[in-house]
Amino acid sequence: MRHGKLYRNMAGGPENRMRLLRTLVNALVKFERIETPFAKAHETQKYAERLIKIAKKGEKDADAMKVADYYLADKKLVHKLFKVLAPRFADKPHGFTRLLRTPGYNFERRAAQMTFLEFKGNPYPPLQPHTRHRNRDWLLNVLVRGAMKDIQEAGVLQEAGYHPNFIGTRVVRSATDKDFSDLRNKLVDISLEDTDRKEDTHNEGTPV
């Protein structure tokens with residue numbers, strides 16, 4: 001726990017720390033969504049928030065332009081910062097970014113957990129639903145529909161006991177780890193049965 005510390009210490013000393021943060025800020029401004037360990041994402045979020053707040057002063061402000069030139073190595077991103085990102089958050093005093101932890105990691109090692117850092121209002125599919133209502137465009141639902149379609153074409157779920165008319169018709173709202181675990185175990189059992197069948201078929205024939 002960081003008591004009274006304003007920033008995290010990173011490997012390589014202060015110079016390497018700032019070099020890493022500038023690289024992450026560049027990537028965030030360019031792609032508007034990056035995936036990195038929680039410690040780096042949380043530290044980058046502070047600098048990205050501050051950068052947007054300074055950029056809202058306008059490109060004619062000398063201090064704002066100096067800060068943008070320091071953090072953004074690609075000068076095309078300076079234009080995007082002042083012409084795209086700053087106007088997007090013109091009416092917001094703060095909260096320009098969003099930090100989302102990826103599921104499936106050990107929460108005891110919070111600093112090493114992979115995390116998504118993104119600018120709000122980016123053009124990508126949302127990583128989580130904005131409301132409690134089912135959202136077909138939620139990224140998890142899009143991926144699940146694609147996976148279910150592939151599995152349906154392979155005929156695996158029918159062997160696991162799922163009704164064919166039921167496959168691909170539901171929209172997942174909050175799938176738990178137990179749901180995925182049960183489905184994975186069923187698919188593994190079917191895969192093992194197929195392997196046993198192939199081995200039995202291979203052993204058939206006239207012994208030498």
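User: Angles run from 0 to 180 degrees between N-to-C directions, with axes fitted to C-alpha atoms. On that basis, how does helix H1 run relative to E1?

Analyst: This is a predicted model. In it, helix H1, residues 13–31, runs at about 150 degrees to E1. H1 lies across E1 and E3.

User: And H2, which strands does it lie across?

Analyst: E1, E2 and E3. Helix H2 covers residues 38–55 and runs at about 170 degrees to E2.

User: What's the strand order in the sheet?

Analyst: E1-E3-E2, three strands in an open sheet with antiparallel pairing.

User: Which strands stand at the edges, and why?

Analyst: E1 (33–37) and E2 (97–101). Each has a single partner strand, so one side of each lacks a neighbour in the sheet. The average twist from one strand to the next is 25 degrees.

User: How many bridges join E2 and E3?

Analyst: Five, in the antiparallel sense, with E3 spanning residues 114–119. Arg98 has Glu118 in E3 as its bridge partner.

User: Stay on E3. Is Leu117 buried or exposed?

Analyst: Buried. Leu117 sits in strand E3. Its relative accessibility is 0%, so it falls below the 20% limit.

User: What does Leu117 touch, sequence neighbours within four places aside?

Analyst: Its contacts include Leu28, Ile34, Ala41, Thr44, Thr97 and Leu99.

User: Thr44 came up. Where is it found?

Analyst: In helix H2. Thr44 is buried because its relative accessible area is 0%, under the 20% cut-off. Beyond four places in sequence, Thr44 is in contact with Leu21, Leu24, Val25 and Leu117.

User: Switching to the core. Which members of the largest nonpolar core touch the most others?

Analyst: Val29, Leu51, Ile52, Leu72, Leu81, Phe82 and Phe119, out of 27 residues. At least two core residues come from each of H1, H2, helix H3 (62–71), helix H4 (75–88) and E3.

User: Take Phe82. What is it in contact with, close sequence neighbours aside?

Analyst: Leaving out neighbours within four places, Phe82 contacts Ala55, Gly58, Glu59, Ala64, Met65, Ala68 and Pro87.

User: Now rings. How many aromatic pairs are there?

Analyst: Four, with ring centres within 6.5 Å as the rule. Tyr70 and Tyr71 make one, 5.0 Å centre to centre with 85 degrees between the planes. That pair is edge-to-face because 85 degrees is over the 60-degree limit.

User: How buried are those two tyrosines?

Analyst: Tyr70 is partly exposed, since its relative accessible area of 39% falls between 20% and 50%. Tyr71 is buried because its 15% is under 20%.

User: And Phe89 with Phe96, what geometry?

Analyst: Tilted: 5.2 Å centre to centre, 50 degrees between the planes. Both Phe89 and Phe96 are buried.

User: Which tyrosines form one aromatic cluster?

Analyst: Tyr47, Tyr70 and Tyr71.

User: Last one. What lies over the face of Tyr70?

Analyst: Arg22, at 4.4 Å from the ring centre.

Notes. Residues numbered from 1 in each chain as written. Predicted model: local features only at pLDDT ≥ 70, side-chain atom pairs only at ≥ 80, totals over all residues. Heavy atoms only, no water. Phe/Tyr/Trp six-rings, centres within 6.5 Å; stacked < 30°, edge-to-face > 60°. Buried < 20%, exposed > 50% of the residue type's maximum accessible area, 1.4 Å probe, protein only. Lys NZ or Arg CZ within 6 Å of the ring centre and 35° of its normal. Pairing = 2+ DSSP bridges. Helix = DSSP H or I, 4+ residues; strand = E, 2+ residues; numbered from the N terminus. Contact = heavy atoms within 4.5 Å. Core = buried A, V, L, I, M, F, W, Y, C linked by side-chain atoms within 4.5 Å.
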